[in-house]
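Open the model in a viewer and keep the selection panel at hand. The stops below follow the salt bridges.

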Amino acid sequence: MATENTGILDGPDGKARCFWHGNLPDYLHYHDHEWGRPVTDDRRLFEKICLEGFQSGLSWLTILRKRENFREAFAGFDFDKVAGFTEEDVERLLGNAGIIRHRGKIVSTINNAKRAREMVDEFGSLAAWFWKFEPGPDERPEIVDLAHLRANPTTAVSVRISKELKKRGWSFVGPTTVYAFMQAMGLVNDHLEGCYCRAEVEKERKKLKRPK
């Protein structure tokens with residue numbers, strides 16, 4: 001059972017985890033095997049920042065359950081391909097009931113693919129750009145608990161990244177969206193104290209070779 005104070009939920013296997021997956025099998029799998037694990041693959045980073053944009057106003061579970069549809073619709077989030085999408089593709093996507101049919105978010109994804117290509121040309125990879133913003137120890141709380149997460153849907157770093165992305169022409173990249181991206185892609189470890197994944201993620205982060 002989750003407690004109001006800790007936000008920790010015992011799973012069907014007896015392991016203690018962050019509460020937010022609600023022990024739903026697909027959400028629990030995402031929590032255990034993806035969320036917070038550090039990612040340096042450009043396509044996965046691009047996919048996530050776009051899907052976080054699609055999530056705006058919705059739940060992540062809604063997006064997660066449509067993710068394979070999104071991948072099929074957006075060429076596996078290969079931003080070189082998505083950057084070439086046309087108005088005809090926008091109309092095609094608006095007719096795809098398997099994704100979120102929001103014209104602004106679809107157009108934004110195509111725009112962001114073009115911006116991603118520009119970043120790769122300038123910095124070598126999206127990973128090199130995003131990971132240079134990884135918060136240092138002095139920018140992180142001593143203890144990640146439920147009270148901290150509830151009080152901090154954004155951070156100074158996510159605000160900074162959001163501003164930089166917008167300057168570069170990206171859209172649907174507000175500070176809250178960016179922080180959710182940072183949490184999911186492992187730029188921070190926000191598994192709660194008491195969650196068994198927290199130590200695992202910390203080990204992965206220590207071993208990670210940061211992109212340059």
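Is Glu-52 buried or exposed? Select Glu-52: its relative accessible area is 5%, so the residue is buried (buried means under 20% relative accessible area, exposed over 50%, partly exposed in between, with a 1.4 Å probe and protein chains only).

This is a predicted model, in which local features need pLDDT of at least 70 and side-chain atom pairs count only at pLDDT 80 or more, while totals for chains, interfaces and linings use all residues. Residues are numbered from 1 along each chain as its sequence is written, and side-chain values use heavy atoms, with hydrogens and water left out.

Lys-48 forms a salt bridge with Glu-52, with 2.9 Å between the closest N and O atoms (a salt bridge is a side-chain nitrogen of Lys or Arg within 4 Å of a carboxyl oxygen of Asp or Glu). Both residues lie in helix H2 (residues 42–55), 4 residues apart, about one turn of the helix. Helices (H or I, at least four residues) are DSSP runs, numbered from the N terminus. Lys-48 is also buried, at 5%.

Next, select Arg-205 and Glu-134, whose side chains meet in a salt bridge at 3.0 Å, N to O. This pair links distant parts of the chain, 71 residues apart: Arg-205 is in helix H12 (residues 196–207), and Glu-134 is in the loop between helix H8 (126–131) and helix H9 (146–151). Arg-205 is buried, with a relative accessible area of 11%.

Last, select Asp-13, Arg-17 and Asp-32, which are linked in a network of salt bridges. The model's count comes to 21 salt bridges.

Key. Helices (H or I, at least four residues) and strands (E, at least two) are DSSP runs, numbered from the N terminus.
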